[in-house]
Amino acid sequence: MQSGSVVQPGHEQSSGMQPGPARSGGEASELHGRRVPQPVPGSGAAVVCPAEWEPPSSPADPEQAVTAPALPRRTWGEFYADDRLLPYLPAARANGSIGTQGAAVIEKLAERLRSGAFDAPQPALVHTDAALLHGDLWSGNVFWASARSARQAAVMPTAWGPEPPADPDPVAVLIDPASHGGHAESDLAQLTVFGAPFAERIYAAYHEASPLADGWRERIGLHRLHILIVHAALFGGSYGAQTVEEARGYL
């Protein structure tokens, strides 16, 4: 995904200049929504990593569970089932957050995904099978910053100095990308995993700039599942039940 919004690599705790203060608002959200669909399209299918990757076989190191897998060219449903959901199930089983019945739900959904039941066209401005995504676009990775400070941070990420004053026209600054080729609806859906301000206005503006395929709202929960099952694998607890509940709605 490429946008007029600034994308900052790394973490918010980095030693570089951070975006200065600004208020987020409806108009800024709409501007962000219109800029997001300007794509850097992926080439071919939603596959970008070495074929020799194998899902983690041991939950001893849960960080293994967030290694991005990849296989040869497939449909989106095959990619999502085999790369974005199932690799994280063993760790979630091991920490007890997803039990036998819950695992059966996830596996049955994976079968439906592989069958093509949820395959849908990319938004209008994406002309290839896969769009280049941010990949981890939950609300905590969207900063609302003054336009001036965002520009400075993008050009001089290691510079130090006083923060610029607040700007009445904030822009969205996207941090910590986990970029990969996938379906553009995933980035939009992930905004709502933990709640993003003005999500509906972002959706509306995105849809205006790059119309989404029919049924996109019904697929939001499906595209949220990756982040949910990753949290179940890493942190356990109620994330497992939340993952299973979301998945059950697509059986």
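Me: In this predicted model, what relative accessible area makes a residue exposed?
Reply: Buried means under 20% relative accessible area. Partly exposed lies in between, so exposed means over 50%.

Me: On the other side of α9, which residues are exposed?
Reply: The cut-off for exposed is over 50% relative accessible area. On the other side of α9, the exposed residues are Ser238 and Glu245.

Me: Which residues in α9 are buried?
Reply: Buried residues have under 20% relative accessible area. In α9 they are Gly240, Thr243, Val244, Glu246 and Ala247.

Me: Within what arc do the buried residues of α9 fall?
Reply: Take the view down the axis of α9. The buried residues line one face of the helix, because they fall within an arc of 165°.

Me: What do the buried residues of α9 pack against?
Reply: Glu246 is among the buried residues of α9. The buried residues of this helix pack against α4 and α8.

Me: How many salt bridges does the structure hold?
Reply: Side chains of opposite charge can pair when their charged atoms come close. The count of salt bridges in this structure is 5.

Me: How many residues apart in sequence are the parts tied together by Asp82 and Arg114?
Reply: Asp82 forms a salt bridge with Arg114, with the closest N and O atoms 2.9 Å apart. Asp82 lies in helix α2 (residues 76–85) and Arg114 in helix α4 (residues 100–114). The pair therefore ties together parts whose separation in sequence is 32 residues.

Me: Where does Arg217, the partner of Glu200, lie?
Reply: Glu200 and Arg217 form a salt bridge, their closest N and O atoms being 2.7 Å apart. Glu200 lies in helix α7 (residues 199–209). The pair ties together parts 17 residues apart in sequence, because Arg217 lies in the loop between α7 and α8 (220–235).

Me: Which helix holds Arg224, the salt-bridge partner of Glu246?
Reply: The side chains of Glu246 and Arg224 meet in a salt bridge at 3.0 Å, N to O. The pair ties together parts 22 residues apart in sequence. Glu246 lies in helix α9 (residues 238–248), and Arg224 in helix α8.

Me: Are Glu246 and Arg224 buried or exposed?
Reply: Buried requires under 20% relative accessible area. Glu246 and Arg224 are both buried.

Key. Residues are numbered from 1 along each chain as its sequence is written. This is a predicted model: local features need pLDDT of at least 70, side-chain atom pairs count only at pLDDT 80 or more; totals for chains, interfaces and linings use all residues. Side-chain values use heavy atoms; hydrogens and water are left out. A salt bridge is a side-chain nitrogen of Lys or Arg within 4 Å of a carboxyl oxygen of Asp or Glu. Helices (H or I, at least four residues) and strands (E, at least two) are DSSP runs, numbered from the N terminus. Buried means under 20% relative accessible area, exposed over 50%, partly exposed in between (1.4 Å probe, protein chains only). The arc is that of the directions from the helix axis to the C-beta atoms. Contact means heavy atoms within 4.5 Å.
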